[in-house]
Amino acid sequence: LEERVQPPPTLAHPSEPPTSMLPPSPPPSTLLPSSAVGRLCGGAVWRLCGGGASSSVPASSPSAAAAAGTSSVQGRVESAAGAQEAEAPVLGADRWGLWEEDNASDGRRFCVRLCARGEEVSGRFACREEALAFQASRLRACVGWPRRPFDADEAGASSVVERDPLWDHPEELEPLKEYSFLLPPSARARQCADGGNSGGTFGGSGGGGKSGRSEGDGVNRALSMEQVDSFEVRGFLLGLPVLEPAELERACTDFDLLLNERTHRCPSDDAKFRAAHTLSRPLHQDLVARLAQHEQVLAIVEDILGPRFVCWSAHLFCKLPGDPTQHPWHQDAGFWPLSASRALTLWLALDDVDASNAGVTFVEGSHRLGRLPWQRTAATHCLLTQEIPDVDLLGRAVPSVLRAGEASVHCDLTVHGSAGNTSTRRRAGIALRFVATDADCLGPMINGYRMNGGCILPRGRASDPRGHWKALKRRGGDNTARAARKAAAVAAASGELQQAAAAAAAAA
């Protein structure tokens, strides 16, 4: 058995960082939904299953340590795990990533279950540090990631790498977070019906994690089971129809008003590019509130998160022609102070989107790898200060292709990013952020914003019976004055100065 496990091939590190957000795509791996993947033992034994072959090697064996490319510290951690009882409980098949179980009878309550390029690994450990070391060693063994080890001052958990002051949370909240992808309700219901949930992690019966579970009835509202399986395997969906032509026309009109209000007084192209990426008090905007409660949007979200969820934020994402702004490779879950990774983003296109006008690119299957460390980004025009390196090793890069009125959806553990817009076409859309209400907001972000401070509850109190996620308080004020100011922005943007002056005077 030891001879069958070889060290990973030596992979040369590029002398310069890639200039494109689209790395060369490796051949698609054979990825199966969890219902089709055999359950694996953990703790003292790790198992790789890929390409129809499998092997089991004691975690303490020299060949296992060599194949993992672990440090001596990681080797000792795995040896300690290997010294435990040989018959480890079988992990439940309803989640991927790293999580903690409250009632593990053998004390090994920290669970790891990953799928790297079709190779599944799993294990149970007595402490979080052992689980993280196991995750790192398996990523190195399965896909050779990262090409170069993270230095002590470059790991995402290190205080040396400053957290983003605009988008991130304080470092002290990191140990309280759980990074695991939970299967959609219909997939879990199917597993339960098939008897494939012997691990006891479905619903809350048996060894569930720390957070409760939002249970649905297992019946999809908008997505087919094929789409649910695709979301489970890939971590995203593309081309979901949402808006009818009349709805799209109205949304585009409102969007253009908001955009012009933000950009018409910008003194330079750079200032205009920055302004087009932000939206003041987004959930108070009528456009956002209307789209966040659109029945098709709610049906898609419910099919993935279950019936209890809220919309906690939204972003106006508009890359104007020539906008060089990049979004480095990242996972949303790393930035959001949630007790569990139970959030998703629905990105609604208002323009036709593809790779040529800087559509979002997703890394297929990356949501089943847990939280991935980051390093400082080398990009010069970007909204984030960190990036995940060597993503070409993690999975196939898939660019978004959307028609106006269609949506993509991705979970908060899916690695994604986008390049600058070098085309002559605008790329506009609205990102609606949803979270299942069985997750808690652990505290404020660095900028003081609380995710649960003011949300859209689409089903009223039924969206969150616990009351942890607070309903948005609609701001008051003179709607006529605000409408006049918007009209002034549109008039100024179109060069109709006299009309703009009159509208501004009316607003005042």
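Arg117 sits in the loop that links β4 (110-116) to β5 (119-125); helices (H or I, at least four residues) and strands (E, at least two) are DSSP runs, numbered from the N terminus. Arg117 is not a glycine, yet its phi is positive, about 55 degrees. Most residues other than glycine have a negative phi, and most peptide bonds are trans. With 28% relative accessibility, Arg117 counts as partly exposed; buried means under 20% relative accessible area, exposed over 50%, and partly exposed in between (1.4 Å probe, protein chains only).

This is a predicted model: local features need pLDDT of at least 70, side-chain atom pairs count only at pLDDT 80 or more, and totals for chains, interfaces and linings use all residues. Residues are numbered from 1 along each chain as its sequence is written, and side-chain values use heavy atoms, with hydrogens and water left out.

Ala358 also has a positive phi, near 70 degrees. Its loop runs between β10 (343-349) and β11 (361-363). Ala358 is buried, at 3% relative accessible area. Next, a cis peptide bond: it joins Trp145 and Pro146, with omega about -5 degrees. Pro146 belongs to the loop between α3 (128-143) and β6.

Now take two helices. The axes of α4 (residues 185-193) and α5 (residues 225-234) come within 9 Å and cross at roughly 100 degrees. That makes α4 roughly perpendicular to α5, a label for angles of 65 to 115 degrees. Axes are lines fitted to C-alpha atoms, for helices over the stretch in contact, and angles run from 0 to 180 degrees between N-to-C directions. From α4, Ser186, Ala187 and Arg190 meet Met225, Val228, Asp229 and Glu232 of α5; contact means heavy atoms within 4.5 Å.

Which residues of α5 are buried? They are Val228, Asp229, Phe231, Glu232 and Val233. Their cover includes β3 (95-100), β6 (179-182), α4 and α9 (295-305). Just after α5, Gly235 takes a positive phi of about 90 degrees.

Finally, the cores. A nonpolar core is a set of buried Ala, Val, Leu, Ile, Met, Phe, Trp, Tyr and Cys residues joined through side-chain atoms within 4.5 Å. The largest has 55 residues, and Phe255, Leu305, Leu346, Leu432 and Phe434 have the most contacts inside it. Leu346 touches residues including Val297, Ile300, Ala407 and Phe434, not counting those up to four places away in sequence. A second, separate core of 22 residues includes Leu98, Phe110, Val121 and Ile388. Across the protein chain, buried residues make up 55% of the 508 residues.

Key: Parallel < 35°, antiparallel > 145°, perpendicular 65-115°, else oblique.
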